[in-house]
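Please look over the sequence and the model shown here. The paragraphs that follow walk through its sheet, strand by strand.

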Amino acid sequence: MNQKSVRSSWIITLICVILAAGFLLTSLLSYLATKNYVVQSVSTETLPLLNSNIYSMIERDLYNPINVSSLMANDTFLINWVLNGEEDLPAVTEYLSHIKQEYGFTSAFFVSDLTSQYYYYDGILKQISPEDDHDVWYYDFVDHNKSYELDVDTDEAKQGKLTVFINHRLETTDGKFLGVTGVGIELQHIGEQLVSYQELFEHQIYLVDSTGLIQIHSDETLVESKTIQSVLGVQDSDHFELAKNDIVNIFEIVGDDVTKIVSTRYLKDLDWHLIVEKNEDASLAKAKATLWNNILIGLGITTVVYAAVLGLIKKYNQRIEYLASFDELTQVYNRRAFLDMLIREISITRRYEQPLALLMIDIDDFKTVNDQFGHIVGDQMLKAITRQLKHSLRDSDVIGRWGGDEFIALLLNTSEEKLQKNASRLLEDAKKAVITVKGQSIHREISIGYCFYDGDEEITAQDLVKQADDALMRAKHKGRNQVSG
């Protein structure tokens with residue numbers, strides 16, 4: 001980069017730094033001036049009210065499925081069907097399908113403890129097994145001896161979509177355990193409800209179990225993988241606690257970058273906690289958005305221009321580097337880049353005794369393609385043969401265009417026996433590179449000359465290339481579609 005470019009880049013950077021520093025300073029002053037008001041209003045008004053609204057939504061979306069699964073667990077039809085030997089499959093399928101459609105669930109199921117069959121609204125999904133990771137939920141639920149529980153898992157009948165399952169024990173009147181029945185609600189459905197609340201109130205909303213593991217959130221990547229403690233950045237119970245009481249608990253969590261106000265509410269019937277998180281700094285930014293609108297626009301425009309200029313420079317440099325190393329037509333290494341790589345690999349072979357082979361490849365009778373069909377068709381044939389050669393070689397092998405209709409390939413960590421087989425295979429595979437011109441199929445054969453190097457003697461890249469080229473000449477003298485070493 002010349003001195004003028006360096007000076008221009010430095011000026012652009014300096015302007016962005018000044019604008020960013022000014023924005024951060026004014027934001028900090030605004031935050032300090034209004035912090036107490038925001039904390040008080042959010043803690044005493046917004047969060048408790050919002051928590052109650054969301055609680056009503058959860059009650060509507062989850063308690064109804066719990067009630068339905070309870071009715072299923074006490075349904076004499078299902079109990080009698082199991083006791084009669086589970087023989088009438090259409091009957092239970094129709095029953096589960098009716099439950100699913102009637103209440104708008106995404107799943108309705110029954111797992112038999114006697115036969116281990118997993119019945120659902122379309123028939124038998126599978127036979128569960130303790131060795132199947134997808135079936136661990138069943139055995140854990142049975143071992144815990146709960147009457148029902150909520151479980152977030154992937155639904156195998158719905159291509160692995162995350163689903164909230166309400167599992168309920170099915171027992172006879174005398175307490176004999178028959179299996180597990182219940183329904184499922186696709187997590188996306190509940191997540192969409194949470195997204196609408198988050199967008200309306202600009203809060204983050206979570207449902208977590210008693211340990212803090214996230215069970216429901218609009219971002220499905222957090223579900224069953226992160227705890228609320230890790231998301232909020234707290235480890236000390238003095239600053240945050242999942243209390244099992246009937247009140248809304250408010251916590252202020254001060255982090256290195258942001259301060260969060262968090263409300264928690266225990267949902268007894270679910271044994272889950274409803275968490276509503278408010279970013280205090282976001283409230284301050286919204287309150288001052290109009291005041292600093294012009295500054296933000298100026299900062300945004302400057303950042304976009306700066307990023308666009310840097311992006312163009314980076315893209316231009318990448319293009320230059322690519323053209324310096326790759327053949328633009330065939331998208332493989334050009335001669336200079338291939339030779340540089342060959343020099344490095346020769347040194348590695350000498351040091352670590354990992355033999356290599358060099359193949360010089362020529363397309364037989366390629367000139368007639370250009371003469372009969374034109375250079376555009378000739379280029380298509382070159383690209384087709386290149387693709388076939390790359391497909392036939394190993395991922396660790398390297399291919400380059402030596403010039404015209406000649407290619408060169410480097411086979412790493414190979415043997416002389418494998419070399420002969422690979423070269424013969426390339427001869428046959430190259431015939432598969434067929435293009436069609438005006439209804440006529442065209443293909444060409446190749447000839448290959450190769451040499452082998454095991455590092456026993458000092459040799460230059462040019463010497464290896466000459467050996468392979470001489471071998472290619474011998475192959476060409478034998479006729480078309482020949483290999484010579």
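In the hairpin of strand 5 and strand 6, which residue takes a positive phi? Glycine 175 does, with a phi near 90°, and the hairpin has 5 residues between its strands. The model is predicted, so local features need pLDDT of at least 70 and side-chain atom pairs count only at pLDDT 80 or more, while totals for chains, interfaces and linings use all residues. Residues are numbered from 1 along each chain as its sequence is written, and side-chain values use heavy atoms, leaving out hydrogens and water.

Strands here are DSSP runs of E with at least two residues, helices are runs of H or I with at least four, and both are numbered from the N terminus. Two strands pair if DSSP finds at least two bridges between them.

Strand 5 covers residues 161–171, of which 9 of 11 are buried, meaning under 20% relative accessible area with a 1.4 Å probe, protein chains only. Strand 6 (residues 177–186) pairs with strand 5 in the antiparallel sense over 9 bridges; valine 164 has isoleucine 185 in strand 6 as its bridge partner. Strand 4 (residues 148–155) also runs antiparallel to strand 5, joined by 8 bridges, and threonine 154 stands opposite leucine 162.

Strand 2 (residues 117–120) and strand 3 are antiparallel and share 4 bridges. Tyrosine 120 has glycine 123 in strand 3 as its bridge partner.

Notes. Buried means under 20% relative accessible area, exposed over 50%, partly exposed in between (1.4 Å probe, protein chains only).
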